[in-house]
Structure formats: C-alpha cells, structure tokens
Amino acid sequence: AAEKLQQEMSRPVGPTSRPAPGAAPTAQAAGEMKQAAAQLSQQNSPQAQGAQEQAKRDLAQAQKELKEALEQAKGEQQEKALAQLSAALAKALAGQQELSRQTRALDTQRPKDSTPRELQLKLAELAAAQRVLAGDVASVRPLVEADAALAVFPRVLRETAQAAVAS
C-alpha cells in the first residue's frame with residue numbers, strides 16, 4: 001500500500017511537472033517499511049522498530065508538506081477571489097459614478113415646478129440602470145460568501161446595493 005501511494009505521489013502534477021508535495025518523504029517511508037517487513041520476517045524486531053520509527057517520521061514530514069501545500073493553494077485561491085471581487089467592485093464603482101454624473105446633469109435641466117416628459121423618460125432609464133447596477137453588486141456576493149476570510153464583505157455589499165437602489 002505504501003509503495004502504491006509513493007508511486008502515485010511521485011507522478012508529476014499540474015503544468016510544473018513536479019512530484020506532488022510529500023512525495024520524497026513518502027518514498028523514504030515506503031523504503032523504511034520494506035526494511036521493517038524484511039527485519040520482521042527475519043524475526044529481528046529491534047531493527048524493525050527502528051525502521052518503523054523512521055517510516056513514521058517520514059510520513060509525518062510528508063503530511064506536513066501536504067498541509068503547507070494546501071495552505072498555499074488556499075492563499076492563491078483567496079488572492080484570485082479578491083482580484084475578482086476588486087474588478088467587479090471597480091466596475092460597479094465606475095458605473096455608479098457615471099449614473100451619478102447623469103443624474104446630476106438631468107437635475108440641473110429640470111425646471112423647479114414640473115418635470116417635462118423627456119426628463120421623466122431619462123430618469124426612468126437611469127432608474128432602470130441603477131437597478132441593474134444594484135443587481136450586479138448583489139451578484140458579487142457569492143464570490144465573497146464562498147470564503148470565510150472575506151466574511152465582512154457581504155454586509156458591505158448589501159448596504160452598497162441598497163444605497164445604489166435608493167439613489
């Protein structure tokens with residue numbers, strides 16, 4: 001079993017063509033296990049115990065390497081999520097800035113006592129665009145909620161979406 005695991009772990013993974021993390025210590029552990037088996041077959045339990053202890057140390061090292069690799073992969077995944085979130089929020093901010101600019105421009109054209117039909121139609125278009133933008137901000141939430149490290153952002157996004165609809 002240890003030999004099969006060692007063979008699987010020594011196969012290259014991903015585009016880097018490097019063996020899997022923990023492959024070398026697993027290979028060493030497999031060798032120590034074989035030695036222990038040979039020593040036990042010869043009824044030499046003291047030497048078998050030494051090989052077994054070394055195999056345990058090697059397997060612990062392999063486990064440590066795998067844990068470190070998993071933590072690194074999680075960090076890379078969080079960076080990717082943050083980059084996606086940043087891009088989505090930058091797009092939303094640019095959209096909100098443009099909608100605010102258009103709203104101010106329409107407000108300066110609006111007479112004090114009434115709103116002409118043309119301005120009513122433009123305001124309705126802006127309202128629709130504001131709702132779309134609020135939906136875009138709401139669609140970013142699953143990116144955030146997928147990662148516990150970003151737990152503060154759902155509330156911020158909800159408030160941002162509500163503010164976008166209100167403005």
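User: How many residues does helix H2 have, and what span does H2 reach from its first C-alpha to its last?
Analyst: This is a predicted model, in which local features need pLDDT of at least 70, side-chain atom pairs count only at pLDDT 80 or more, and totals for chains, interfaces and linings use all residues. Residues are numbered from 1 along each chain as its sequence is written, and side-chain values use heavy atoms, without hydrogens and water. Helices are DSSP runs of H or I with at least four residues, numbered from the N terminus, and the expected span is 1.5 Å times one less than the number of residues. H2 covers residues 23–41, and its values, close to the expected 27 Å, are 19 residues and 27 Å.

User: Which residue with a positive phi follows H2?
Analyst: The phi in question is near 60°. The residue is Gln-43.

User: How many salt bridges are there?
Analyst: A salt bridge is a side-chain nitrogen of Lys or Arg within 4 Å of a carboxyl oxygen of Asp or Glu. By this rule, the count is three.

User: Which residue meets Lys-56 in a salt bridge?
Analyst: The N to O distance is 3.1 Å. The partner is Glu-53.

User: Is Glu-118 buried or exposed?
Analyst: Buried means under 20% relative accessible area, exposed over 50%, and partly exposed in between (1.4 Å probe, protein chains only). Glu-118 forms a salt bridge with Lys-122 at 3.5 Å. Because its relative accessibility is 54%, Glu-118 is exposed.

Conventions:
Helix = DSSP H or I, 4+ residues; strand = E, 2+ residues; numbered from the N terminus.
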